[in-house]
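Me: I would like to go through this structure with you. May I begin with the helices and strands?

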Amino acid sequence: MIRNYFKVAIRNLRNNKAFASLNIAGLAIGMATAILIGLWISDELNFDHYNPNYKKLAKIMITQTHGGETYDETTITMPLGNTLETKYKDLFRKVALISFPDQHVLVSGDKKISGYGIYAQEFFPSMFGLTVLNGNTQSLKDPSSIMIARSLAVSLFGNENPVNKTFLIDNKLNMKVGAVYEDLPENSSFTAMNILLPWTNTMNNYLTSNTNWNDHNGEGFVELNDHISIEQATVKIKNVPTPFIKGWKEEALIYRLDKLHLYGEFKNGKPAGGRIQLVALMCFIGAFVLLLACINFMNLSTARSSKRAREVGIRKTMGSLPVHLIAQFLIESVLLTLFAFVIALFLAQLSLSFFNSLAGKHMFIPYGNYWFWLLCIGFALFTGLLSGSYPAFYLSRFQPVKVLKGAFQGSRYNSIPRQVLVVMQFTVSLCLIIGTIIVYKQILFAKNLPTGYTRDRLVTMPMTTELNGHYDALHEELLRTGVVTEMAASSYPMNQFNGGNSMDWRGKDPGFIIFFRNVNVTPEFGRTVGWKITEGRDFSRAFADSNSVILSEAAVKTIGIPHPVGEIVKYGGKNRTVIGVVHDMLTNSPYDNIQPAVFLGDGYLSVITVRMKAGHPLPAAMAAIEKVFKKYNPGSPFAYKYNEDEYAKKFSTEERVANLSAVFAGMAIFISCLGMFGLASFVAEQRTKEIGVRKVLGATMFSLWKMLSTQFVRLVFISLCISIPLSYYGMNRWLQDYTYRDTISWWIFAIAGFSILLITLLTVSYQSIKAALMNPVKSLRSE
């Protein structure tokens with residue numbers, strides 16, 4: 001019986017090549033899209049899962065309450081980590097403190113290579129499951145030994161075994177390679193890291209803050225003991241930092257590391273989503289695109305019902321039960337879906353490189369993983385059963401007496417389910433189009449926000465010890481090149497003001513605590529970045545400004561003193577004089593409130609910023625700048641970043657969402673058009689005699705085109721009426737997450753509606769005009 005089902009199914013597909021081709025194309029595109037989205041979702045959900053011990057790893061965090069608001073921070077103090085390590089061994093098997101990642105220069109012979117590394121305690125490699133290829137896993141116990149990733153080892157030493165080889169790091173210390181470990185996967189928290197430096201090394205500035213509970217300057221991780229949960233440990237360590245903090249409330253907590261990637265946003269001390277919302281969005285898009293392909297199958301199958309009515313009647317007369325007919329139609333559906341799945345795999349592999357570039361990932365299809373094949377086979381069977389279920393039950397209900405007597409005629413109500421499905425298709429497609437346009441519009445709105453400084457022609461370089469010692473000479477020589485208008489140094493680059501501390505001022509409420517971003521700058525900083533002084537003066541070498549500060553406008557609003565120039569404030573334990581007020585600058589996220597900032601005329605400097613003159617070719621200008629840097633910093637490679645490129649990275653997540661949405665919206669429209677093309681051809685075929693009679697009676701080609709197209713246009717208008725309120729509601733909620741957001745304009749819906757209407761008319765018109773041009777004599781004779 002089963003063999004007969006397959007034989008009949010193959011025969012039907014062979015005899016209806018156009019029907020099979022449309023369905024296979026639609027299902028293949030829908031399934032390929034679902035496979036790609038599935039790979040992306042799997043990559044996101046398995047973030048940091050490379051480590052077999054990932055469920056036991058957690059990040060140490062703090063919750064701070066000040067100024068009436070609660071914040072969660074991943075940056076902790078060193079004393080907190082040390083206390084958890086020494087006094088809570090019943091909770092934690094291991095505790096590892098690390099520094100913030102930083103760039104380091106490694107020199108071996110004539111090779112100079114920049115790497116990205118952290119200072120880490122000895123437990124770090126075993127906690128994070130590093131696979132040591134050569135050397136000693138306990139290398140970090142030795143202050144003069146480091147661990148490097150395999151890719152860095154190959155770049156620096158070639159194919160030689162690098163263990164125990166020495167090199168110069170940051171032009172300061174000679175160190176040796178203690179071990180080489182395998183590079184971490186891209187979907188991990190430390191994928192960019194390729195250097196591990198020992199925590200006890202003398203270059204580690206974090207060692208000096210072991211007793212300062214107010215200096216939040218590093219990160220910490222714990223490995224839980226068996227039978228200890230995150231909740232149990234958090235309750236016991238909650239009040240560890242509280243007695244040492246004055247002026248605000250601070251509590252400790254731990255948060256599972258693998259959840260931090262997807263649930264990394266917090267509001268008022270509680271998780272409030274994160275990338276999991278993007279994962280859910282992609283999941284819905286993948287499901288909807290696949291559903292559109294299934295709807296195509298349902299529509300085309302039920303539209304062809306009259307062609308298979310006689311077959312159903314004969315089978316029922318010969319004794320077939322409804323269950324046999326349902327099995328026959330479902331096997332046809334599954335067989336067709338399996339054909340489509342093979343093509344879908346090919347399409348997914350073909351487009352994977354393009355998809356990776358859009359998503360910013362390096363995914364691959366795991367052909368060697370049997371779980372992948374089990375999921376794919378289940379996925380294909382599910383798709384076949386889903387798409388074939390409605391046609392199978394619909395066709396199996398035909399009454400044999402009416403069918404065989406030729407009395408089977410499609411009721412005008414029989415097409416309602418198909419029309420509902422078409423409306424669903426175009427509603428989903430319209431929602432995707434509208435959503436994509438709004439996302440792009442929000443990105444453009446954020447990009448065009450005033451930044452408070454001049455972004456173009458700014459280049460940043462890391463400040464090394466050698467450059468810091470020759471700052472004045474470097475400054476003068478760069479200006480003499482003729483390609484530089486100004487140069488300055490600061491503690492942070494323009495696109496990332498991270499530092500923060502509390503401040504005291506006249507009339508301040510003792511119970512009011514708020515953190516101000518602090519940036520240490522040289523006197524040329526304002527002229528270099530092009531900030532705007534709104535009150536007072538800029539830093540100047542003509543004055544002794546080591547105890548002077550400039551406040552941002554947001555800082556002025558925070559302290560509540562309208563004209564603060566001349567006021568004395570206490571910041572960083574020192575009394576300082578306010579000499580000026582600067583216009584707010586957009587330096588961190590363009591989607592959040594601008595935080596109050598304080599600019600100091602003294603302190604640690606880590607970044608050099610150069611403004612290039614307009615009109616000079618970029619390669620020639622950078623070559624001239626590099627020559628000067630090499631003169632004063634010969635031991636390090638010339639590394640630089642363009643401010644515009646770094647600023648553009650702030651929009652990378654939203655741009656990826658917009659680009660992916662645009663692609664998937666295009667796929668949804670294409671699948672919908674395939675189905676509409678097939679439906680239009682069947683409608684034209686069913687009305688062949690009517691069209692012939694109308695032509696004989698004098699109907700014009702335009703009137704026939706209008707008659708055949710009107711019903712599809714009507715469905716598009718219904719879809720538009722449904723999709724507009726749905727998409728407006730959903731996208732308006734999405735925009736509420738942004739402090740600075742654009743409005744939803746009426747023309748967005750007009751463009752989406754007009755685009756779908758035009759695509760529909762172009763799709764339907766081919767079949768409509770083809771039917772209208774047919775010779776009426778031939779069409780009447782054929783009937």
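Me: Which strands does helix α18 lie across?
Reply: This is a predicted model. In it, helix α18 (residues 618-632) lies across β16 (458-462), β17, β25 and β26. Its direction is at about 140° to β25.

Me: In what order do the strands of that open sheet come?
Reply: The order is β17-β25-β16-β26, four strands with antiparallel pairing. The edge strands are β17 (484-490) and β26 (641-642), each of which pairs on one side only.

Me: How do strands pair in a sheet, in general?
Reply: Strands of a sheet pair through backbone hydrogen bonds, and the pairing is either parallel or antiparallel.

Me: How many bridges link β17 and β25?
Reply: There are six bridges between β17 and strand β25 (residues 607-612), in the antiparallel sense. As for individual residues, E486 stands opposite R611 in β25.

Me: Which strands does helix α15 lie across?
Reply: Helix α15 (residues 471-480) lies across β17 and β25, and runs at about 160° to β17.

Me: Changing topic: which residues form the nonpolar patch on the surface?
Reply: The patch is formed by L338, Y367, W373, I377 and L381. Together these residues have about 420 Å² of accessible area.

Me: Which helix gives the largest share of the patch?
Reply: That is helix α11 (residues 370-395), which contributes three residues. I377 is found in this helix, α11.

Me: Why does I377 count as partly exposed?
Reply: I377 counts as partly exposed because its relative accessibility is 46%, and the partly exposed class lies between under 20% (buried) and over 50% (exposed).

Terms used: Residues are numbered from 1 along each chain as its sequence is written. This is a predicted model: local features need pLDDT of at least 70, side-chain atom pairs count only at pLDDT 80 or more; totals for chains, interfaces and linings use all residues. Side-chain values use heavy atoms; hydrogens and water are left out. Patches are made of residues with over 30% relative accessible area and no salt bridge: like charges are joined within 9 Å, nonpolar side chains (Val, Leu, Ile, Met, Phe, Trp, Tyr) within 5 Å. Accessible areas come from the Shrake-Rupley method with a 1.4 Å probe; for residues, only the protein chains shown count as cover. A salt bridge is a side-chain nitrogen of Lys or Arg within 4 Å of a carboxyl oxygen of Asp or Glu. Helices (H or I, at least four residues) and strands (E, at least two) are DSSP runs, numbered from the N terminus. Buried means under 20% relative accessible area, exposed over 50%, partly exposed in between (1.4 Å probe, protein chains only). Two strands pair if DSSP finds at least two bridges between them. Contact means heavy atoms within 4.5 Å. Axes are lines fitted to C-alpha atoms, for helices over the stretch in contact, and angles run from 0 to 180 degrees between N-to-C directions.
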